[in-house]
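Here are my notes on the model you sent. Please read them with the structure open.

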Amino acid sequence: RADSPDSHELYSMQKIPFLSNIFNCLFSTGTSDPFIKFKLDGKNIYKSKVVNKNLNPIWNELFSFPIRDLDQTLHLKVYDRDLRSNDFMGSSSFPLNKLELDRIIPLTLPLEDPNSVETDMGVIILENFNRARNFCLWLRLSDALKQSMISKKNQVWTGIYTVILVEGQDMPDCGQGDIYVRLRVGDQRVRSKNLCIKANPQWRESFDFNHFQDAQENLMLEVCCKRGRKSEECWGVLDIDLTRLPVNQRQLYTCVLDPNKGKLVFLVTMTPCSGASISDIQSAPLDNLKTLQETQEKFRLMNCLRDLKDVGYLQIKLIKATDLPSTDISGKSDPFCTLELGNSKLQTHTVSKTLNPEWRTALTFPIKDIHDVLVLTVYHDDGDKAPDFLGKVAIPLLTVSNGQQITRMLKNNNLSRTTKGSITLELNVLYNPVRAGLKTFRPKETKFAEDNPKFNKKLLARNIYRVRKISMAILYTLQYIKSCFHWENTQRSITAFLMFVVTVWLWELFMLPLFLLLLIGWNYFHITPGMASYSQDLVSSLFFLSFQESEKKGLMEKIHMIQEIVLTVQNTLDEVACIGERVKNTFNWSVPFLSFLACLVLFLLTAALYYIPLRYIVLVWGVKKFTKKFFSPYAIDNNEILDFLKRVPSDVQKVRGQRQGRNSLKMSALFALTEFPSVTQDISSGCV
């Protein structure tokens, strides 16, 4: 917020005492009326005044602007003001990560113009602050950005901050719009859901942030109100010191926002957490017999009620990568690997000048949700610049076979196709099934710093096809039932009639979950792949479902409005399709753990409905609903069925996982044929 930068401590501040510049050799003859435009992230942040008829202009101006991080580049463009148009005179750029805290850096930035035949377009001299005619940059880091730099050096976290965003109080009820909260601890950022503007909005959301040892950590909360596409207003920024927070004690905060903007109510709890580590592969924790026995004892079935949040333990032995793409002129790369599990992230060291790095590193994660996916991403370390992406691998925890060394082909950023290179690793997962099952019915953890969704024509076409596929299945089912009434098939109609009479005559409520239980059991013994044809249909449908492009370009507001509407439809179709597909995949044993868990719940529900009268069950449920506010005023509302279904993969996720599995199988077969010639001989002779 450039209008009040000092109050916006959520961002680091970039102050530029813009005193003067020297342009040498802009043109050999004549004069100019130069001015400078400053651009950051594609947006103009400042425009200097015009100095008339001068080839060595001097400015005396001061401006400041907020930045979110230092991985940005400040672009400077010089123009000559003309009555008809502004003539471009040259440009230069400056990476912000080269700045040092509270220190002025003297530099000389040459101006460049690719469209000019001149080799010397002039320079911008960045000299000491007390020199005449200079241009200086001065940086002041906010506490949040300082914490970000500390946490990058110290990757291992020792605790978890749990923030429960409860509600707002006495907020202005000012018509249409949405209100939401941004939360940040160091470089960990998350955003709450959008609520309609009203006096007392109820969020009831929980967020977990990692606590790093020896770090000065503050919790930043920014309450924002948004009306329309671009209109956003800040109602207040809160800065909470977390260093004095007691361990395992829930603290209630009721903080006042800006004048006449109300209050924000939230709770913060600091919980110790162990299990994250980085070590040499020879010192892997589970290779130590004593540590292995202690970990197995911790997650034994008999100890299921000790710590429900600590679901399990993951150990990764990252061995090597092979045949990586080259990024340097020398044909080599400087690869390193990042590992992400949920919101937790660890990073290996960089191996210089190689396409076949051997990290031989053991990394461990505490598991908070057994349905999380381990994501390994390989980058090229490019020094001060942003790292170059080399490949990615995603491994669901429920598919891990303990102690087996596996080799996976690297994929592109969205995991849709394979790229050059492979990675070799060994995984071990220990978890408590009871805690994992209970966690399945709790809300899924919100991902940090998620990208804003964008309209995608192919994604919209795919979602429409998925909804159409489900609606056609429902239509065929209704037509099948209707055909029984019309006696199109005599044998089928007689069978349906007898089943109808018996069911209605002997109906009890426990038969409903029993029927679902039998259906899941039936599908267990009649599992059919059927996904290859569906994958082909899904890909081919993208070529037949197309949409016309906009007839005319321009009218940006109308285009933005249409894009927002289509984006809403796209996301709605995706949610509807995902729910239908996940219900289907629960019954066809796509994920055995989830189907077995559903069987267990349905069995218990069947027994409860059989032995306990329905009126008592409904009475207990109603009493619990009415008394929930008194016993737990800050409880988070959730839907156990929807939380369970979010763990079940949709058809799109299944296709993606099967593609990755087939690539892994091909790689394993190729390895066997090359390493063991006897296998090739057996196959050629027909011995499989």
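**Notes on the model**

1. Start with a helix pair. The axes of helix H3 (residues 433-440) and H9 come within 11 Å and cross at roughly 80 degrees. Axes are lines fitted to C-alpha atoms, for helices over the stretch in contact, with angles from 0 to 180 degrees between N-to-C directions. H3 is therefore roughly perpendicular to H9, a label that covers 65 to 115 degrees. In H3, Pro433, Ala436, Gly437 and Thr440 meet Phe593, Leu594 and Leu597 of H9. Contact means heavy atoms within 4.5 Å. The residues of this contact divide into 5 nonpolar, 2 polar and no charged. Here Ala, Val, Leu, Ile, Met, Phe, Trp, Tyr, Cys and Pro count as nonpolar, Asp, Glu, Lys and Arg as charged, and the others, Gly among them, as polar.

2. A word on the basis. This is a predicted model, where local features need pLDDT of at least 70 and side-chain atom pairs need pLDDT 80 or more, while totals for chains, interfaces and linings use all residues. Residues are numbered from 1 along each chain as its sequence is written, and side-chain values use heavy atoms, with hydrogens and water left out.

3. Overall make-up. The protein chain has 13 helices and 27 strands. These are DSSP runs numbered from the N terminus: helices are H or I of at least four residues, strands E of at least two. Of the 688 residues, 39% count as buried, meaning under 20% relative accessible area (1.4 Å probe, protein chains only).

4. The cores. The largest nonpolar core has 50 residues. Such a core is a set of buried Ala, Val, Leu, Ile, Met, Phe, Trp, Tyr and Cys residues joined through side-chain atoms within 4.5 Å. Leu314, Leu318, Leu339, Leu374, Leu376 and Ile423 have the most contacts inside this core. Helix H9 (residues 592-611) gives the most to it, with 6 residues. Apart from this core lies another, of 31 residues, among them Val163, Ile197, Trp235 and Leu264.

5. Leucine 318. Beyond its neighbours within four places in sequence, its contacts include Cys337, Leu339, Trp359, Leu376 and Ile423.

6. Which strand holds lysine 317? Lysine 317 is in S20 (residues 312-322). Lysine 317 is buried, with a relative accessible area of 11%. Leaving out residues up to four places away in sequence, lysine 317 touches Ile281, Ala284, Asp287, Thr361, Ala362, Thr424, Leu425 and Glu426.

Conventions: Angles under 35 degrees count as roughly parallel, over 145 as roughly antiparallel, 65 to 115 as roughly perpendicular and the rest as oblique.
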